[in-house]
There are 2 protein chains.
Amino acid sequence: MANFGFSQLAVVAPFEAHWREARSAVGAPELLLEAKETGTLAQAVAGCTLILGTGTRTYRRPEQRVVRLPDLAPLVKQELARGGRVGLIFGPEKHGLTREDLSLCHVLVEIPTDARQPSMNLGQAVAVCLYELAVRAFGTKIDELPEPAADGSSQSARSADLELLAGVVEEAMVAADYSPRAMREANRHDLRLMLRRLAPSARDTRRILGLFRRILWRMKRVSDAKTQGTATK
Amino acid sequence: MANFGFSQLAVVAPFEAHWREARSAVGAPELLLEAKETGTLAQAVAGCTLILGTGTRTYRRPEQRVVRLPDLAPLVKQELARGGRVGLIFGPEKHGLTREDLSLCHVLVEIPTDARQPSMNLGQAVAVCLYELAVRAFGTKIDELPEPAADGSSQSARSADLELLAGVVEEAMVAADYSPRAMREANRHDLRLMLRRLAPSARDTRRILGLFRRILWRMKRVSDAKTQGTATK
C-alpha cells in the first residue's frame, strides 16, 4: 500500500495476536498504526460509495458485474470525479471473499490469471491491484521520472562526427587487411549504414573514435618497427 | 510466475540450502523444478536478446535507458515480434541489482512507486511486472504485429554474443594500450553499458566481432614481427 501511495487500511475481525504483533513491530508503517479495525466487513466499507471485491477466476458463477482489473481504472476515476469514495476489498488468503462478503460489492474485479494457476498470494494480489490503480486511475502523483543526465550523454552524434568515425574505422580496416580490395567500396557503404543503425550518442562516438585512433596508432607503430626490424636482418 | 503464465525461471548463485528446500517442497510448481541454475547472471541471460533490469526509484543516476513499467509493453512486443527472447531480471531483496548486473541490461525498468516508500518486496515487484506484461504485452493483439524481416538483419544479438564481443574489444584495448591499468575496470564497465545502448543486431554484432578479431590478429602479428626484428638487431 505504501509503495503505491495508499494510506487508509481497514482490517476486519483480525486474528488478535498476529494483528498486535504486526502493529507493534519496529518500523511498522504509519498506515498500519492508523488502520481502522472493525468487527464486520459492512462496518469497514460503510463510508464507501463504490465497493470493489477482488478475486481471480476461481469464482465460477459471479453474481455481480465483473470487471477485469486492466479495465478498472475508468470506473474508479469516474467515481472519484463525482466525489465518491472507493473501497477495494480482499478476502483471507485461504478462500478469498465469501459469497456474503461479495454481496456488499458493486463490482467483482477479476485479476486475469493463468487458468492452470488462478489462485494468488494475498500480498501479490494487493500489489497488482494497487499498482494498476496508482498508474492508471491516479496517474500524476507517482509520475515524475528523474531527469536524464545533463552531461550530454544522450545527445545524438552529428552526421559529420559519424563520418569522421567512419573514416578512421576504414583506415583501421585497411591497416588490418580486413577488406579484400574488391570489397572495399561495399564495406565502406555498409559501415556507414551500420553507424546510422547503431546511432551512437555524441559521447559514445567520441569514445569509439578514441579507441580506433589508438588502435591505428598502435598498428602503425608496430608496423614501422617491423619494417625497421626487417631492414636490419 | 505461474499466475501470469510465465514458465522459464533461472536462478543465479542461489543460497543452496534455501533453494533445495524450495524445490523439494510438496507441491513445488513445475517451473521451480525445471528452473535453470547458473553461477553468473551473464550465463543466465546468455540466450536473451533484450534484457530488462528492474528496480524502483532508488537508483539516483541510472546509467542506461529507463522505461517506466506502464510503458514497457510495446518494447517487449516489438522484440518478440522480431523473434527475440526477453529476460526480466530481479536482484536480491536487500539491495536489488548491482551496477555490474545492470551493465548487462539494455533497459532499466522502473516500477513507479511513492517517493516516501520506494523499496518493494521482491515477490510483489515480480507480481506487478509479470501482471503488466501478461496483460499488456501478451494479450491477443500480439497477432497483429508486423512480420519480422525474413533476412534476420533486424534480429537482436543474444547477450552471450555481446559478451563475446566485449571480450574481444577489451583484448584490442589492452593490445593497443588504450586503458591505463587503473582505468581498465571502469572502461570494462563502460564498454558493456555502451554495447547495450548501441544494441547492435545479431548480424552487426558478428561484423564488428570480425573486424576486431582481424585487428587483434594484425596487432599480434606485427607485434611478433617486431619482437623478432628486435632480436635480430
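This is a predicted model: local features need pLDDT of at least 70, side-chain atom pairs count only at pLDDT 80 or more; totals for chains, interfaces and linings use all residues.
Chain A falls into two domains, domain 1 (10-142) and domain 2 (159-232). The C-alpha centres of domain 1 of chain A and domain 2 of chain A are 61 Å apart.

The largest nonpolar core holds 54 residues, and those with the most contacts inside it are Val128(A), Cys129(A), Leu52(B), Val128(B) and Cys129(B). From chain A, the elements that give two or more residues to this core are helix H3 (41-44), strand S5 (86-89) and helix H6 (122-138). From chain B, they are helix H3 (41-44), strand S3 (50-55), strand S5 (86-89), strand S6 (107-110) and helix H6 (122-136). H6(A) supplies the largest share of the core, 9 residues.

| Core | Number of residues | Residues in it, among them |
|---|---|---|
| Largest nonpolar core | 54 residues | Val128(A), Leu52(B) |

In chain B, 4 strands make an open sheet with parallel pairing, in the order S4-S6-S3-S5. Strand S4 (65-68) and S5 of chain B are at the edges with a single partner strand each, so one side of each has no neighbour in the sheet. On average, neighbouring strands of this sheet are turned by 30° against each other, direction ignored.

S3(B) and S6(B) run parallel and are joined by 4 bridges. Thr54(B) stands opposite Val109(B) in S6(B). Leaving aside residues up to four places away in sequence, Cys129(B) touches Thr54(B) and Val109(B), along with Leu69(B), Leu88(B) and Ile111(B).

Terms used. Residues are numbered from 1 along each chain as its sequence is written. Chains are lettered from A and ligands numbered from 1 in the order in which they are written. Domain bounds come from an automatic or database domain assignment. A nonpolar core is a set of buried Ala, Val, Leu, Ile, Met, Phe, Trp, Tyr and Cys residues joined through C-beta atoms within 7 Å. A residue is buried if 20 or more other C-beta atoms lie within 10 Å of its own, exposed if 12 or fewer, and partly exposed in between; C-beta atoms are placed from the backbone. Two residues are in contact if their C-beta atoms, placed from the backbone, lie within 7 Å. Two strands pair if DSSP finds at least two bridges between them. Axes are lines fitted to C-alpha atoms, for helices over the stretch in contact, and angles run from 0 to 180 degrees between N-to-C directions.
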